[in-house]
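Subject: Structure handover and findings

Dear colleague,

Please find below the structure that I am handing over to you. My notes on it follow directly after.

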Amino acid sequence: LPACWDPQLLIKDLHFDGVPVRIYLPKEPSAGKRRGVVFLHGGCGIFGSIRSYERICRYIARNSDSVVVSVGYHLSPEHKYPAQTLECLTATVHFLQTADTYGVDPTRIIICGDSAGGTYTTSVCQELVHRTDIPKVRAQVLIYPFLQALSFNLPSHQKNASMALLSLDRTVDAVLKYLDKDCSLKEPILAGSHVPESMTLKYRKWLNPDLIPEVFKLGYKPPPPASFLPRVHEEVKEMFATRFSPLLAEDAVVCHLPDTCIVTCEHDVLRDEGLLYKKRLEDNNVRVTWHHMEKGFH
């Protein structure tokens, strides 16, 4: 649908290197260059749109006096993974390179996303850390991000397994649909049978319930060891790439990430992924602001 008229904003539908975007520019003249926000919407990569996040993007543009670029990446399964991440990366790079055109200071651009949009935000920032041909991203905002697909047995997975809107079953169903995989893989993935022991040991330093504060582990029961199923592992190898599970990125990447704001919700299956990434960033001397919504859900 076309953009609606707004008394405070000039709204345009454009394409950044072939990627659909909607840009929100404050009409009020500015004394200097404005901040820029690249907004990557959620929806598991299989639903959601520029239109469904219209109100949020208008709110950000008005209340922060920023130029907001909402990215309308194409959805899976019609557009196969990793098309979504790559389109978000393409649109972000284009905006960083052309910020002056929109009255934006290229050194004051942040990337923001919720849920799967938080995944794309994390991935884009990781992929840009070693780029020297474009301005550095100023900050990233991760709103209850999905950050890994190795373990679905963290304390928040157990506590919020049957939570409304995003249950644990629905989370894995969405992951499989996003990757265009057979839904029969859900049960072995929930059990952890898709992860070989060598990989479990390798990533235990970052993906470990022991790293989560005790206050978030009330009632948690460690799961029994799962039998590794090589066939399942081969079917879902995409899950182990840092582009899909950015929590697994090496320290050499994480230590170069920009200032970060992380929002977690108490009643959310993905809560602990945000907590684990917060610790990883802090351990690598990245400045983190954390907002935890005690009554919040996904």
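The buried residues of α5 are covered by elements that include α2, α3 (116–128), α4 (155–159) and α6 (186–191). Helices (H or I, at least four residues) and strands (E, at least two) are DSSP runs, numbered from the N terminus, and contact means heavy atoms within 4.5 Å. Helix α5 spans residues 168–178, and its buried residues are Leu168, Thr171, Val172, Ala174, Val175, Leu176 and Tyr178. Here, buried means under 20% relative accessible area, exposed over 50%, and partly exposed in between (1.4 Å probe, protein chains only).

The model is a predicted one, in which local features need pLDDT of at least 70 and side-chain atom pairs count only at pLDDT 80 or more, while totals for chains, interfaces and linings use all residues. Residues are numbered from 1 along each chain as its sequence is written, and side-chain values use heavy atoms, with hydrogens and water left out.

Leucine 165, in the loop between α4 and α5, has a positive phi near 70° although the residue is not glycine. Leucine 165 is exposed, at 54% relative accessible area. After α5 comes aspartate 180, again with a positive phi, near 60°. Aspartate 180 belongs to the loop between α5 and α6 and is partly exposed, with 44% relative accessibility. For context, most residues other than glycine have a negative phi, and most peptide bonds are trans.

Serine 76 and proline 77 are joined by a cis bond with omega near 5°, and the bond from tyrosine 81 to proline 82 is cis with omega about 10°. Proline 77 sits in the loop between β4 (66–71) and α2, and proline 82 is likewise placed in the loop between β4 and α2. Within helix α2 itself lies threonine 92, which is buried at 0% relative accessibility. Setting aside neighbours within four places in sequence, threonine 92 contacts Val38, Ile111, Val124 and Leu128.

As to the overall division, the chain consists of domain 1 (9–148 + 242–297) and domain 2 (155–240), with bounds that come from an automatic or database domain assignment. Their C-alpha centres lie 25 Å apart. The contact between them takes 35 residues from domain 1 and 29 residues from domain 2. Together the domains bury about 2,900 Å², 68% of it on carbon and sulfur atoms; buried area is the accessible area (1.4 Å probe) that two parts lose on being put together, summed over both. Phe244, Leu248 and Val269 supply 24% of the area that domain 1 buries against domain 2, more than any other three residues.

Two salt bridges run between domain 1 and domain 2, a salt bridge being a side-chain nitrogen of Lys or Arg within 4 Å of a carboxyl oxygen of Asp or Glu. Glutamate 266 and lysine 159 form a salt bridge, with their closest N and O atoms 3.6 Å apart. On the side of domain 1 that touches domain 2, α10 gives the most, with seven residues.

Finally, the salt bridges come to a count of 23. Arginine 58 pairs with aspartate 6, the closest N and O atoms being 2.8 Å apart. This pair links distant parts of the chain, 52 residues apart, with arginine 58 in helix α1 (residues 54–64) and aspartate 6 in the segment before β1 (9–16). Arginine 58 is buried at 10% relative accessibility, and aspartate 6 is buried at 2%. Arginine 22 forms a salt bridge with aspartate 13 (2.6 Å, N to O) and another with glutamate 54 (2.6 Å, N to O). Salt bridges with shared partners join Asp6, Asp13, Arg22, Glu54, Arg58 and Arg62 into one network.

Yours sincerely
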